Amino acid sequence: QVQLVESGGGLVQAGGSLRLSCAASGRTFSSGVMGWFRQVPGKEREFVAAIKWNGGSTLYSDSVKGRFTISRDRAKNTVYLQMNSLKPEDTAVYYCARRLSVSLSTVGGEYEYWGQGTQVTVSS
């Protein structure tokens, strides 16, 4: 079993920055993909970014490309999401997820493990 715990959410003004962290524990892994998704109440879950655990290849949604950066620290079993130039429309609960396959994916249903989420609120 894999446990994912997100942290780093909070309230920030538009134009500001936040860094989310996702610490993985339990069953260790040496491959696969880690992803970030977000969801606003009443709306569908949205893909944000993903990174291959090996190699570090990344994938971003068009809405965050150039503003957000996903990275991972393999020694700490942690993935990060650096969010810059935040906009009110970035407000959501952000979820960390893990996919066992080594292929990057934007589809939430293809990720097997999920964290509990962390709230990000961007004020205008």
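In this predicted model, the charged end of Arg 45 sits over the ring of Phe 37, at 5.9 Å from the centre of that ring. Phe 37 is itself buried, with a relative accessible area of 1%, and it belongs to one aromatic cluster together with Phe 47, Tyr 111 and Trp 114. A search of the whole structure finds four aromatic pairs. One of these is formed by Phe 37 and Trp 114, whose rings are tilted, with 5.0 Å from centre to centre and 55 degrees between the planes. Because Phe 37 lies in strand β4 (residues 33-39) and Trp 114 in strand β10 (residues 113-114), this pair ties together parts of the structure that are 77 residues apart in sequence. The two partners can also be described by their accessibility: Phe 37 is buried, whereas Trp 114, at 27% relative accessibility, counts as partly exposed.

Cys 22 lies in strand β3 (residues 18-26) and Cys 96 in strand β9 (residues 92-99), so that the pair ties together parts that are 74 residues apart in sequence. Cys 22 is buried, with a relative accessible area of 0%, and Cys 96 likewise counts as buried at 0% relative accessibility.

Strand β3, which carries Cys 22, is also part of an open sheet of four strands, arranged in the order β1-β3-β8-β7 with antiparallel pairing. The edges of this sheet are taken by β1 (2-7) and β7 (68-73), each of which has a single partner strand, so one side of each is left without a neighbour in the sheet. Neighbouring strands of the sheet are turned by 15 degrees against each other on average, when direction is ignored. Within the sheet, β1 and β3 pair in the antiparallel sense over six bridges, and Gln 3 stands opposite Ser 25 in β3.

The packing of nonpolar residues may be considered next. In soluble globular proteins, nonpolar side chains tend to be buried together. The largest nonpolar core of this model contains 28 residues, of which Met 34, Trp 36, Leu 81, Met 83 and Tyr 94 touch the most other members. Several strands contribute to this core, with β1, β3, β4, β5 (46-52), β7, β8 (78-83), β9 and β11 (118-123) each supplying at least two residues. Among the strands, β3 gives the most to the core, with four residues.

Strand β11, one of the contributors to the core, also holds Ser 123. This serine is partly exposed, with a relative accessible area of 26%. Ser 123 and Ser 31 are separated by 92 residues in sequence and by 37 Å in space, taken from C-alpha to C-alpha.

Technical notes: Residues numbered from 1 in each chain as written. Predicted model: local features only at pLDDT ≥ 70, side-chain atom pairs only at ≥ 80, totals over all residues. Heavy atoms only, no water. Buried < 20%, exposed > 50% of the residue type's maximum accessible area, 1.4 Å probe, protein only. Pairing = 2+ DSSP bridges. Axes fitted to C-alpha atoms, helices over the stretch in contact; angles between N-to-C directions. Phe/Tyr/Trp six-rings, centres within 6.5 Å; stacked < 30°, edge-to-face > 60°. Lys NZ or Arg CZ within 6 Å of the ring centre and 35° of its normal. Core = buried A, V, L, I, M, F, W, Y, C linked by side-chain atoms within 4.5 Å.
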